[in-house]
Amino acid sequence: MKPASDRRFSSRKIFSGAGFVPFIVRRLLTSILLIFGITLIAFSITQLVPGDPVAANLGQSAYSDPAIVAAFKKQFGLDQPVYIQYIKYASHLVKGDMGISLSSKRPVTTDLKEYFPATLEIALIAIFFALFIGILLGTISAITRDRLPDQIIRVFSLTGVSMPVFWTALTAFYVFFFLLGWAPGSGRLEPGADPPPHKTGLYTVDALLNGDFSTFKQAFAHLLLPALVLAVYAVGVLTRFTRASVLEILGNDYVRSARAKGLPEFTVIRRHVLRPALLSIITVAGVAFSSLLAGSVLVENVFSWPGLGQYAYRAAVGLDLPGIMGVSMVVATIYILMNLIVDVLYRVIDPQMRDLK
Amino acid sequence: MKLLEVTDLTVTLATSSGDAQAVRNLSFNLGHGEILGIAGESGSGKTMTALSLLGLLPYKGRAEGSVLFDGREILTCTKKEYRNLRGKDIAMIFQDPMTSLHPMLTIETQLTEHLRYHRKVDKESARQSALKLLDTVKIPDPAAALRAHPIQFSGGMRQRIAIAMALACEPKLLIADEPTTALDVTVQAGILKLLHQLRDERNLSIMIITHDLGVLSSLTDRIMIMYAGSEVESGKTSDLLMNPRHPYTNGLISALPGASKDGKVLTSIKGMPPELGNFASGCAFHPRCAFAEKSCSDSVPLALQISDTHRIFCPINPLKKSVDIGV
Amino acid sequence: MKSPRVKRKKNSNSIWRQPLAIVGIAIIVIWFILAIFAPWIAPYDPLSQAGDKFVTPSAAHWMGTDELNRDILSRVIYGARISLPYALLLVILSAILGSVIGGISGYFGGKVDSVLMRVTDMFFAFPGIVLAMAVAAALGPQIRNAVIAVTIVAWPVYARLVRSLILNAKQNDYVTASSLLGSSSIRTLFVDLRPNISGPVFVLAALEVGNALLLLSGLSFLGLGAQPPSAEWGSMVSMGAANFDRWWVGLFPGLAILTAVLGFNFIGDTLRDALDPRTAKALRN
């Protein structure tokens, strides 16, 4: 008979026993702390560097009238000591109030609601496109390791991460709009076209919800080129990363087991290799997504895309602290949220993780 | 006709410093329902021999010679022909059950996927055979086990599952690469007993690879000892263990705990096993051999038959006298 | 059977046997030659406004002229004198800053480590370019300020790498041995660990030069870096954006950025492959 030690068998469920709820709570709490830490850093850095929001927003000439300067400072709380400014900002932030933008003179939350969906729309398309192409090319690259397809894909992906995105945008705009006339001009819709009724802020989704197919087509045509340009860098990153993770997993004993079972190579790759590789690829994609949001600054500039990047640019140039903080908060929150989602996914998908952590 | 006849098998691997032969002119055979043990230190080419039978050599590795399986040459197989052989006719289990099962797939998937592919059976009947298999390898509560992941089992249980996986398509040959090395001694015995039982019940041929002669003594019919990619001695288990004729075999046996009995020549093996691509000329063992003569480094030794079933690759046969006295 | 650990042999993994690395080195060498000998190589004065504006590429002006009649080829060549040194400076600054922070964190461990790593996490979560834009705008648009701004957001990758390398090395026997021999902690950090850390940090730095170039030229493109009339590639592309129907104005300076970044990335990527897999993995995340 087999000894007792050979009979260990534990049956655990995914969401219980392994401390799933405490894990989520702990992660949420650290995330909130992280976000406040970020506000503190952003605040300190923008205070440490000398800048003059008054001159930036009202022009040097405003100084001829001290009353205007004083009124401006009072309006935005700039007359108070820095730490009071921060405490005020933080206590408002808890209530979901991000203050008034110095450059647009509107509540930052209102601004973000308007600009963020525009960026989200191109960033979403970009990241899905990049995931698709990146996983495909990266896997091919790993399977054909060191052979010609791998070498070609390597050069291709390195070129992707080496292209200055503002130049790619400009070149794409010139070729596809000016030369070929395939792409529509800049902006989210044709000049003078009415945006669909605001529900999500994503024009394509809103148009579909409204049953307005021609607006959907127009909105989609407009966002395609900026989204693809934005995706170029992420394609490069995800291709290289997929190649590395697939190669790493190919070296595992369990892949040799799968091959020893005589499974077709396609099944081995899809079921035994890509599934575990997907976890780390999604992690990187999550991080890449939040950098796409920030990276849209340069693309939006070329395509006159009224998104977060353009807003961030105006806020930066105007030394508009609430505006800069608002954009940073959005991007940082998404970054943290992505990491959180990925961690949860890890625990759901990978039983090993679930039991070990 | 033997189930497996290997003739002049040579395996070449690509290393960072160029090509190197991991297996050199190896010939052996294995009958139906026979258990052959292949033993040797790490780097002796045992595992590469096994992988070459399955067409699973590592990146840029290649095999030459002849391997007849059931009378059919398999070294010249295409990728597709190998796929139809692997898992179906020749199955393999690996050293570390902690890593050889996929951590993210359920036991059911891993037990049935090749069955469904090779035998084209539907999900339900594959499931039924999986349940039977788990029962064969003595996994308690097979129905619950099917839904579980490998992490939920101990090492010994996982190796049993790996064996069940290997048996799914009723292969004729099972290659077990160090199947018990990573396990506790008490668990080892259970696995070895299971393998023995499978041979008796199914007339399964088993090729078991290990560096531990103790594991082989109770299980195998015949043993082949390898050193630096070549055979040094082979014979029936009892002949070889009681009457080792090659200095290397003798050294291995002497190194076993409790092996140094009276009347046996004690030869300790000095030095380290050679690295791949760094094998000595002539008899590769001569730098470490206590009996080595000048001629040993000159030419590769030829087989010397001790009896019909026992041979060594050592022209000097230095242990002859002492053994004769001992007997 | 585990394959024996293959030792890295100097000749087999040498960078000189990698075609990609050779191409990368060639590109970078050419750019440095162009930068150093710009006054002798460039056909015109990069600031001279004599001549016509928007001349299409021709024998006289291989890359045409821009809105202010300046020869684009000469400006692209002179541009290497701005972009390359500042990108390198940026990488050196952030590598030093990040290594010091990561070194302190990894070496002292405990509370120091957790505080510093939380801060590093925050910087990772931060949209780098937004912060860089804000700092650059506050300091005033100048290439020097753009370098400072990007350094503030670029150091965390080095900190994380150095910390993990030190944690790995700490577990190795030789550090324990040297502590047993009574060498002081600072000595251990600098003498015993340095060779194991400087290699990967160098590779990371090589990989980051390209990113530094992209960020710096991006800031200049937005008008937050180098200012006119200096011949900086990013701001030259921005003039191309303002006159996008004259394709040559933006195309060539953009290609200059692309090739220079590509050169550094070819080198960095090859170097990373030459590292052992575990370190390479730390570099990838």
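**View 1. Confidence along chain C.** Chain C averages a pLDDT of 81, and 82% of its residues score at least 70. pLDDT is the predictor's confidence in each residue, from 0 to 100. This is a predicted model, where local features need pLDDT of at least 70, side-chain atom pairs count only at pLDDT 80 or more, and totals for chains, interfaces and linings use all residues. Residues are numbered from 1 along each chain as its sequence is written, while chains are lettered from A and ligands numbered from 1 in written order. The model scores ipTM 0.85 and pTM 0.82.

View 2. Among the elements of chain C, helix α1 (residues 19-36) has the highest mean pLDDT, 92. Helix α8 (residues 173-180) of chain C has the lowest, 60. Helices are DSSP runs (H or I, at least four residues), as are strands (E, at least two), numbered from the N terminus. Over residues 1-12 of chain C, pLDDT stays under 50. Where pLDDT is low, predicted coordinates should not be read in detail.

**View 3. Chain A against chain C.** Here 43 residues of chain A are in contact with 40 residues of chain C. Contact means C-beta atoms, placed from the backbone, within 7 Å. The elements giving two or more residues to this side of chain A include α1 (20-48), α9 (213-250) and α13 (321-349) of chain A.

**View 4. Helix α7 of chain A with helix α12 of chain C.** In α7(A), A:Trp167, A:Leu170, A:Thr171 and A:Tyr174 meet C:Trp247, C:Gly250, C:Leu251, C:Gly254 and C:Ile257 in α12(C).

Terms used
Two residues are in contact if their C-beta atoms, placed from the backbone, lie within 7 Å.
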